[in-house]
Amino acid sequence: METVNLPHIGQIVRVNKGRDSGKYAVIIGVVDQRYVWIADGDKRKFDQPKKKNIIHLELLPLTSPEVADSISETGRVTNGKLRFALNKVVDQIDTEAQEKGE
């Protein structure tokens with residue numbers, strides 16, 4: 001049995017199953033140890049998040065402090081902040097992939 005780190009608000013995930021497969025999102029809410037609410041600020045807005053089973057997600061070891069702080073302080077986060085956090089992470093992942101490829 002593989003041990004999965006528990007999901008937390010602000011954590012970046014990659015969707016592995018479903019229509020959004022291959023896309024990145026941010027956890028904006030934790031339902032229980034099995035389900036989370038995810039949004040990307042673009043297709044999935046904060047006000048219309050997607051409920052996902054965590055077995056369909058790859059939990060990345062990255063957390064967006066901007067998103068986590070905003071949700072803990074005000075209970076919400078702007079879609080712009082979600083897009084900003086994801087763009088930063090995707091750029092970082094692309095850069096690391098290029099460095100390994102060279």
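Modeller: Helices (H or I, at least four residues) and strands (E, at least two) are DSSP runs, numbered from the N terminus. This is a predicted model, in which local features need pLDDT of at least 70 and side-chain atom pairs count only at pLDDT 80 or more, while totals for chains, interfaces and linings use all residues. Residues are numbered from 1 along each chain as its sequence is written, and side-chain values use heavy atoms, with hydrogens and water left out.

Biologist: Which helix holds D94, and is D94 buried, partly exposed or exposed?
Modeller: The helix is α2, which covers residues 79-101. Buried means under 20% relative accessible area, exposed over 50%, and partly exposed in between, for a 1.4 Å probe and protein chains only. Because D94 has a relative accessible area of 40%, its class is partly exposed.

Biologist: Where does L6 lie, and what is its relative accessible area?
Modeller: L6 belongs to the segment before β1, the strand at 11-15. L6 is classed as exposed because its relative accessible area is 61%.

Biologist: Which residues of α1 are buried, and why do they line one face of the helix?
Modeller: Helix α1 spans residues 65-74, and its buried residues are V67, A68, S70 and I71. They line one face because, seen down the axis of α1, they fall within an arc of 165°, an arc being that of the directions from the helix axis to the C-beta atoms. The face turned away from this buried side carries the exposed residues S72 and E73. To repeat the names asked for, the buried residues of α1 are V67, A68, S70 and I71.

Biologist: How many cavities of 30 Å³ or more does a search of the whole structure find, and what is the volume of the largest cavity?
Modeller: On a 1 Å grid over the protein atoms alone, a cavity is a set of points where a 1.4 Å probe fits but cannot get out, whereas a pocket is an open set with protein on both sides within 12 Å along at least five of seven lines, and lining residues have an atom within 4 Å of a point. Grid points are joined across faces, edges and corners, and a volume is the space filled by probe spheres set on the points. The search finds one cavity of 30 Å³ or more, and the volume of the largest cavity is about 60 Å³.

Biologist: Which residues line the largest cavity?
Modeller: By class, this lining has five nonpolar, no polar and four charged residues, where Ala, Val, Leu, Ile, Met, Phe, Trp, Tyr, Cys and Pro count as nonpolar, Asp, Glu, Lys and Arg as charged, and the others, Gly among them, as polar. The lining residues are V15, D20, K23, Y24, A25, I38, A39, D40 and R44.

Biologist: Which element gives the largest share of the lining of the second largest pocket?
Modeller: About 170 Å³ of space lies in that pocket, and its lining includes R83, L86, N87 and V90. The largest share, four residues, comes from α2.
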